[in-house]
Amino acid sequence: MALIVQKYGGTSVGSIERIHRVADRVVRAQREGHRIVVVLSAMSGETDRLLKLAHEATPVPDERELDMLLSTGERVTIALLAMELRGRGINARSYTGRQVGIITDSAHTNARIARVTADRIREALEEGVIPVVAGFQGINEQSDVTTLGRGGSDLSAVALAAALKADRCVIFTDVDGVYTADPNIVPAARRIDKISYEEMLEMASLGAKVLQTRSVEFAAKFSVPVEVNSSFKEGKGTLVTKEDTDMEAAAVAGVTGDRNQAKITIVGVPDKPGIAARIFGIVAEAHINVDMIIQNISQAAMTDLSFTVPRADLKKAVPIIQAAAKEIEAKSVSVTEAIAKVSLIGVGMRSHSGVAAKMFEVLAREGVNIMMISTSEIKISCVIDEKYLELAMRSLHSAFGLDQR
């Protein structure tokens with residue numbers, strides 16, 4: 001008898017009818033002999049609705065109070081599913097993040113999990129109860145409600161699976177697995193049967209929206225097998241697990257595209273020790289993630305420094321960077337928003353040469369100019385003009401044989 005954590009996203013619980021379908025799956029899994037823990041998101045669109053209300057109340061909502069507001073979305077769905085199951089004669093009980101002991105730091109609206117006690121979940125399972133848990137939320141050491149950021153219900157599910165030593169964590173969503181590319185952009189994209197934690201982490205961080213990045217990190221750290229499957233149709237999904245030798249057979253596992261990028265360039269930066277540390281230290285204090293960084297060759301003791309940040313952080317980042325540039329006596333700051341990042345991912349890159357050269361050849365053949373390049377052992381990313389993103393993704397997907405697998 002396996003212990004399975006099932007997580008259902010916002011579209012999966014977007015109406016009472018869909019909550020009925022979730023209940024069907026939970027009951028079926030229990031009848032198959034499994035012990036089940038369910039983690040739910042808020043109904044699709046509910047978090048955005050609550051955010052809109054907050055910003056109507058005040059232009060800059062207090063983050064502690066915002067967490068209190070946003071945490072209500074999941075409470076609705078867990079109560080409704082528990083009611084539905086109990087109406088069928090199934091012993092189910094709803095729990096908030098606080099009640100199951102998801103303890104976080106105090107970074108409101110984007111908290112990180114410190115530990116998960118899960119004592120009440122264990123007690124419920126021993127009593128034959130199906131726990132229905134609110135994802136996306138926890139509490140800090142002061143017992144204030146916190147939320148885990150966009151996609152945080154994935155993290156809640158994986159963290160509970162790790163704490164309970166579950167046999168697997170199944171993420172039910174509106175797609176039936178992880179694909180070699182976004183099927184909406186690349187019609188020839190194919191579902192991947194099995195992918196390594198490393199590849200999934202790169203894909204999630206580089207634009208694939210199937211799993212939250214932090215949930216993959218957590219799964220890798222605690223060796224939690226994660227299956228991505230569809231709430232709306234039956235069939236096999238994608239297993240995210242430890243790397244094996246079969247995964248290295250192909251150089252590239254997938255192609256991703258990310259439009260959520262903006263480039264900031266500080267022009268005329270004094271080329272001396274400590275300058276970069278001062279700039280990026282200020283950015284880090286503002287909790288802004290920096291991705292690619294390029295520094296030009298120094299001329300006349302001056303250089304240009306370019307880096308990318310999430311487009312959503314641009315309004316917050318620009319004033320900070322402008323102030324830092326003035327402090328270090330740089331000449332100016334320029335911003336480019338209409339950019340995108342196209343990336344190749346695959347653990348096979350470790351044992352296959354020439355991937356970068358082929359990628360650059362394909363982009364050159366299509367007339368796509370490369371602004372910035374970033375590489376790691378298992379990924380190559382290029383910043384390009386946003387209008388060429390779909391062309392670049394389709395061309396690379398075909399050139400690396402992902403259409404035929």
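This is a predicted model: local features need pLDDT of at least 70, side-chain atom pairs count only at pLDDT 80 or more; totals for chains, interfaces and linings use all residues.
1. Overall make-up. The secondary structure of the chain amounts to 12 helices and 20 strands, and of its 405 residues 52% count as buried.

2. Dimensions. The C-alpha trace of the chain spans about 75 × 50 × 35 Å along its principal axes. The radius of gyration of the chain is 23 Å, which agrees with the value near 22 Å that a compact globule of 405 residues would have.

3. Contacts along the sequence. When contacts in the chain with a separation of 6 or more are considered, 75% of them are accounted for by residues 24 or more positions apart.

4. Geometry of α6 and α8. Helix α6, which covers residues 152–164, packs with helix α8, residues 213–222, at an angle of about 10°, and their axes lie 8 Å apart. Since angles under 35 degrees count as roughly parallel, α6 and α8 are therefore roughly parallel to each other. The crossing in which α6 passes α8 is left-handed.

5. Residues in the α6 and α8 contact. On the α6 side the residues are D154, L155, V158, A159 and A162, and these meet R214, S215, F218, A219 and F222 in α8. Sorted by class, the contact of α6 with α8 contains 7 nonpolar residues, together with 1 polar and 2 charged residues.

Notes. Residues are numbered from 1 along each chain as its sequence is written. Side-chain values use heavy atoms; hydrogens and water are left out. Axes are lines fitted to C-alpha atoms, for helices over the stretch in contact, and angles run from 0 to 180 degrees between N-to-C directions. Helices (H or I, at least four residues) and strands (E, at least two) are DSSP runs, numbered from the N terminus. Angles under 35 degrees count as roughly parallel, over 145 as roughly antiparallel, 65 to 115 as roughly perpendicular and the rest as oblique. A crossing is left-handed if the near helix is turned anticlockwise from the far one by less than a right angle, and right-handed if clockwise. Contact means heavy atoms within 4.5 Å. Ala, Val, Leu, Ile, Met, Phe, Trp, Tyr, Cys and Pro count as nonpolar, Asp, Glu, Lys and Arg as charged, and the others, Gly among them, as polar. The radius of gyration is taken over C-alpha atoms; the globule rule is 2.2 Å times the number of residues to the power 0.38. Buried means under 20% relative accessible area, exposed over 50%, partly exposed in between (1.4 Å probe, protein chains only).
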